[in-house]
Amino acid sequence: MTLAFSTLGCAGEPLDTVLELARTYQFTGLELRAADEEFTHIGLTSAERRTLRSRIEDAGLEILAVDSYVHLCGVEEQPLAEHLELAHDLGARGVRVFMRDDPEATGEPTPGELRAMDRVAQSSTEVSVLLETHDTHSSGRSIAAFCALLDREVPDHNAKVIWDAAHTRRKGETPAESLELLRPWLEFVQVKDHDSQRDYKPVAMGAGDYPIGELLRALDGTDYPLSLEWELKWHPELPPLSEALPATQAWIAG
């Protein structure tokens, strides 16, 4: 099983720190948070991109995603094309995006989903647009409905899905239900523990009640990577990645 982690868990830290964490705890994949204050951002020069890619590849790591903050449904255009170019240059599978529709929008599809469909249709297919189960599209059902729309209207699209397993549980889906919905488009799975008695607040690995056993049984026989989305930047009370990574391995091992 490929185990990965997002650099959201060590936001602002240099590449050296990320590579050392991966080496020490034997993780083989990365999600690279893309932001101006990170070592991954769309302002990198061609030379900087080549160096970053080489160092990650030389460490034996795969980049599952460049984690952007593009909102596909938004009226304001955000730089999807530039993030896709960055992902291509770094050899990443694709660019993580959020739908983030207007929660008051009505209709099937909504105006925001139609905008999102147009943006996917106009995107390069060399790397994937990776739709995360998040915010207005947190359920497997909602993302699957949008992907089915893409399949009908943009049959040559290259959109796929990042399944944030904590978010779909919060929407009342079991792991088996979410997997069945998302399987045709699924690229990889994000994991973290949370406490359903405290509004699904992220907690230290093993301290919550996310049903990791159910998830692993649902995924049995598949080869989807598991990526730890450690939200330390947004939840500074969480332990550091140096504790969360080995705890994740233990949590998965049961």
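Val189 touches Trp163, Ala165, Leu215, Leu219, Tyr224, Pro225, Leu226 and Ser227, leaving aside residues up to four places away in sequence; touching, or contact, means heavy atoms within 4.5 Å. Keep in mind that this is a predicted model, where local features need pLDDT of at least 70, side-chain atom pairs count only at pLDDT 80 or more, and totals for chains, interfaces and linings use all residues. Residues are numbered from 1 along each chain as its sequence is written, and side-chain values use heavy atoms, with hydrogens and water left out.

**Nonpolar cores**
- Val189 is also among the residues with the most contacts inside the largest nonpolar core, which has 70 residues.
- A second, separate core of six residues includes Leu64 and Phe188.
- A nonpolar core is a set of buried Ala, Val, Leu, Ile, Met, Phe, Trp, Tyr and Cys residues joined through side-chain atoms within 4.5 Å.
- Buried means under 20% relative accessible area, exposed over 50%, and partly exposed in between (1.4 Å probe, protein chains only).

**Salt bridges**
- The structure holds 16 salt bridges, each a side-chain nitrogen of Lys or Arg within 4 Å of a carboxyl oxygen of Asp or Glu.
- Arg96 and Glu132 pair up through their side chains (2.9 Å, N to O), and both residues are buried.
- Glu37 and Arg33 form another one (3.1 Å, N to O); here Glu37 is partly exposed at 47% relative accessible area, while Arg33 is buried at 5%.
- Arg170 bridges to Asp199, with the closest N and O atoms 2.9 Å apart.
- Arg170 is partly exposed, at 42%, and Asp199 is exposed, at 56%.
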